[in-house]
Amino acid sequence: QVQLVESGGGLVQAGRSLRLSCAASGIIFSMPVMAWYRSAPGKQRELVAAITSGGSISYRDSVKDRFTISRDNAKNTVYLQMNSLKTEDTAVYYCNAVVTTGSGARNYWGQGTQVTVSS
């Protein structure tokens, strides 16, 4: 059984920073892609950033130059460093990973962590 556990959310003022972490546990052969999504009230879940096992990275336009995604393959962990936070970044942030196990590849989600940015 693979689990993704996020940490690092909280309440911060606009302009400040937060760092999210997501650790995967279980019998994992590989994680080709790890990503962060977010879901704000009244809005659909959206992709924030993604990183492949080879280090290819993509960001949504609204977070480019402010957010940085990284991963530690030895620890099966992905991070999201969020700088210069804006009130519109307020959302529940979800970790996502494509994980290959002995049963094949499957998409997994974390439970989500709340990020609230106050003005």
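**Chat about the salt bridges, core and sheet**

Me: What do the side chains of D89 and R38 do with each other?
Reply: They meet in a salt bridge, at 3.0 Å from N to O. Keep in mind that this is a predicted model.

Me: OK, and which parts of the chain does that pair tie together?
Reply: D89 sits in the loop between β8 (77-82) and β9 (91-101), while R38 belongs to strand β4 (residues 30-39), so the contact ties together parts that are 51 residues apart in sequence.

Me: Are D89 and R38 buried or exposed?
Reply: Both are buried. For R38 the relative accessibility is 6%, and the cut-off for buried is under 20%, so R38 falls in that class.

Me: Which side chain does R38 meet in a salt bridge at 2.7 Å?
Reply: That's E46, with the 2.7 Å taken from N to O.

Me: And E46, how does that one count for accessibility?
Reply: Partly exposed, because its relative accessibility is 23%.

Me: What about R60, which residue does it form a salt bridge with?
Reply: R60 goes to E46, and their closest N and O atoms are 3.4 Å apart. That pair links distant parts of the chain, 14 residues apart: R60 is in the loop between β6 (57-59) and β7 (67-72), and E46 is in strand β5 (residues 46-52). R60 counts as partly exposed, since its relative accessibility is 28%.

Me: So which residues are linked in the network of salt bridges?
Reply: R38, E46, R60, R66 and D89.

Me: How many salt bridges does a search of the whole structure find?
Reply: It finds 5.

Me: Switching to the greasy part. Which residues of the largest nonpolar core touch the most other members?
Reply: W36, V48, F67, V78, L80, M82 and Y93, out of 30 residues in that core.

Me: Which elements give two or more residues to the core?
Reply: β3 (18-25), β4, β5, β7, β8, β9 and β11 (113-118). β9 provides the largest share, 5 residues.

Me: How much of the chain counts as buried, by the way?
Reply: 39% of the 119 residues.

Me: In what order do the strands of the open sheet run?
Reply: The order is β1-β3-β8-β7, 4 strands with antiparallel pairing. β1 (3-7) and β7 stand at the edges with a single partner strand each, so one side of each has no neighbour in the sheet. From one strand to the next the twist averages 15 degrees.

Me: Over how many bridges do β7 and β8 pair?
Reply: Over 6 bridges, in the antiparallel sense. As one example, I69 has L80 in β8 as its bridge partner.

Me: What holds strands of a sheet together in general?
Reply: They pair through backbone hydrogen bonds, either parallel or antiparallel.

Me: Last topic, overall dimensions. What radius of gyration does the chain have?
Reply: It has 14 Å, which agrees with a compact globule of 119 residues, because the value for that would be near 14 Å. The C-alpha trace spans about 45 × 25 × 25 Å along its principal axes.

Me: And what share of the contacts with a separation of 6 or more comes from residues 24 or more positions apart?
Reply: Those account for 54% of such contacts in the chain.

Notes. Residues are numbered from 1 along each chain as its sequence is written. This is a predicted model: local features need pLDDT of at least 70, side-chain atom pairs count only at pLDDT 80 or more; totals for chains, interfaces and linings use all residues. Side-chain values use heavy atoms; hydrogens and water are left out. A salt bridge is a side-chain nitrogen of Lys or Arg within 4 Å of a carboxyl oxygen of Asp or Glu. Buried means under 20% relative accessible area, exposed over 50%, partly exposed in between (1.4 Å probe, protein chains only). A nonpolar core is a set of buried Ala, Val, Leu, Ile, Met, Phe, Trp, Tyr and Cys residues joined through side-chain atoms within 4.5 Å. Two strands pair if DSSP finds at least two bridges between them. Axes are lines fitted to C-alpha atoms, for helices over the stretch in contact, and angles run from 0 to 180 degrees between N-to-C directions. The radius of gyration is taken over C-alpha atoms; the globule rule is 2.2 Å times the number of residues to the power 0.38. Contact means heavy atoms within 4.5 Å.
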